[in-house]
Amino acid sequence: MTSLVLKRRALRIEQHPTIPLYVFTLAAEEVHQVADVARISRDEAGKLIGYQRPEKKQHVKQILEYLDGEEVLFPNGLIMALPSSVRFKSSPGPGSSDGLCTSGTLEITLPDAPDAPRPAWIVDGQQRSLALARTRNTRLAVTIAGFVAEDLETQRDQFLRVNTVSPLPTNLVTELLPEVGTLLPTKLSARKLPAVLVEALNHDKDSPFRGLVRRPSTTAEQKTDAVVTDNSLTTAIQESLNSPSGAFFPYKNLSNGTVDTATIRQILVVYWTAVRDTFPDAWGLPATKSRLMHGVGIRSMGRLMDRVMMAIDPASPHAVKLARDELALIAPHCRWTQGRWPDLNTPWNELQNNPRHISTLSNYLLRIYVQEKAKAA
């Protein structure tokens, strides 16, 4: 069967020395023929694939209602990652280029069968692309900016960068960051190390959090066990890294920007293993049944970690026992699954993942820890 080649007038933008960038148009009905949406998920080996969040049906419906109207002006274009198989032929004559862009014809080979993989991927505008695939205005011209990049790393990098005006869900960014190896903006770069550590905690065999972290790629079958949101863990780690009193802060070399990631990971495994062992009845339950697994519990116990782990060598064979001994000081005062918190006069299940409750519970746990520590001295 002869492959269909879609030809469109295009501009090649002289922007990146090795990644071609083209601006062209497609009819609304052609968008789905050219590009797929790379949904975020994981393969059987646990490797992250894709990068797009799920469809927002109400958002798509609103766009579709507008597209199906009588007079449509739709300047919102799409960004696509194109395959290296695309071909660009410059227009003849000296006027085809002005030094910034070159006019010509872009050729995209389409799949032979309707269910075959599409040659391109939607990097930005997936909700718009879904609406365009369903509109009655099938010949509506849509502006496309396409860059040639078949590797997922480049696509994810661009996906994170272009979704800054309308921020992506925090947990989606958290899961994608470990997979991006290029230089990131400062704000994203600061979040990458905590994201990498959470990724390790969710997959490493010696981690008490293995399989317990809920991420955008978590399947419906896995959600029963995935009871901890990655945002809570990521934020707890980030706080400890950035605070001079944090347990992780000493492992940042401020002079050269390096971080002792291996030791920080070991501290996390030691401390949270001790937490699991200290509160076995509250560990691994849904947040509705255990506030230890809730955001307020993860964040508050994360702040207590900064005090507990300061004097414990994570490389010691007795590290987990030493951490358990420290946590035993607060254990009788905790109400993770039932009862009311002493002094706070708050039922266990009324604590919420908000700044006021996180501060209240954190201060309570630290105060009890210091008091009991003084009694034991």
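Arg 356 sits in helix H11. Helices here are DSSP runs of H or I with at least four residues, strands are runs of E with at least two, and both are numbered from the N terminus. Is Arg 356 buried or exposed? Arg 356 is exposed, because its relative accessibility is 59%. The cut-offs: buried is under 20% relative accessible area, exposed is over 50%, and partly exposed is in between, using a 1.4 Å probe and protein chains only. The C-alpha atom of Arg 356 is 9.8 Å from that of Val 296, and the two residues are 60 apart along the chain.

A word on the source. This is a predicted model, where local features need pLDDT of at least 70, side-chain atom pairs count only at pLDDT 80 or more, and totals for chains, interfaces and linings use all residues. Residues are numbered from 1 along each chain as its sequence is written, and side-chain values use heavy atoms, with hydrogens and water left out.

Now the whole chain. The protein chain has eleven helices and 16 strands. It has 377 residues, and 46% of them are buried. Contact means heavy atoms within 4.5 Å. Take the contacts with a separation of 6 or more: 67% of them join residues 24 or more positions apart. The accessible surface is about 18900 Å², and carbon and sulfur atoms hold 53% of that. Those areas come from the Shrake-Rupley method with a 1.4 Å probe; for residues, only the protein chains shown count as cover.

Next, the cores. In soluble globular proteins, nonpolar side chains tend to be buried together. A nonpolar core here is a set of buried Ala, Val, Leu, Ile, Met, Phe, Trp, Tyr and Cys residues joined through side-chain atoms within 4.5 Å. The largest one has 53 residues. Which members touch the most others? They are Tyr 271, Trp 272, Met 301, Met 309, Ile 330, Trp 336 and Trp 341. Helices H6 (186-203), H7 (230-242), H8 (261-278), H9 (295-308), H10 (319-327) and H11 (355-376) each give this core at least two residues. H8 gives the largest share, nine residues. A second, separate core holds 31 residues, including Phe 24, Leu 26, Val 86 and Ala 131.

Look at Trp 336. Leaving out residues up to four places away in sequence, Trp 336 has a list of contacts that includes Phe 279, Lys 289, Arg 291, Met 301, Trp 341, Trp 348 and Leu 365.

On to the rings. Rings of Phe, Tyr and Trp (its six-membered ring) pair if their centres lie within 6.5 Å; planes under 30 degrees apart are stacked, over 60 edge-to-face, and the rest tilted. The whole structure has eight aromatic pairs. Take Phe 209 and Trp 283. Their ring centres are 5.1 Å apart and their planes stand at 50 degrees, so this pair is tilted. Phe 209 is in the loop between H6 and strand E11 (213-214), and Trp 283 is in the loop between H8 and H9, so the pair ties together parts 74 residues apart in sequence. Phe 209 is buried at 0% relative accessible area, and Trp 283 is buried at 12%. Trp 283 also pairs with Trp 272: centres 6.4 Å apart, planes at 40 degrees, so tilted. Trp 272 is in helix H8, eleven residues from Trp 283. Trp 272 is buried, at 2% relative accessibility. Ring pairs join Phe 209, Tyr 271, Trp 272 and Trp 283 into a cluster.

Now the sheet. Two strands pair if DSSP finds at least two bridges between them. E7 pairs with E8 (residues 101-109) in the antiparallel sense, over four bridges. Lys 89 stands opposite Thr 105 in E8.

Asp 343 is in the loop between strands E15 (340-341) and E16 (346-347). Asp 343 is not a glycine, yet its phi is positive, near 70 degrees. Asp 343 is exposed, with a relative accessible area of 64%. Asn 345 lies in the loop between E15 and E16 too. Asn 345 has a positive phi of about 50 degrees, and at 55% relative accessibility Asn 345 is exposed.
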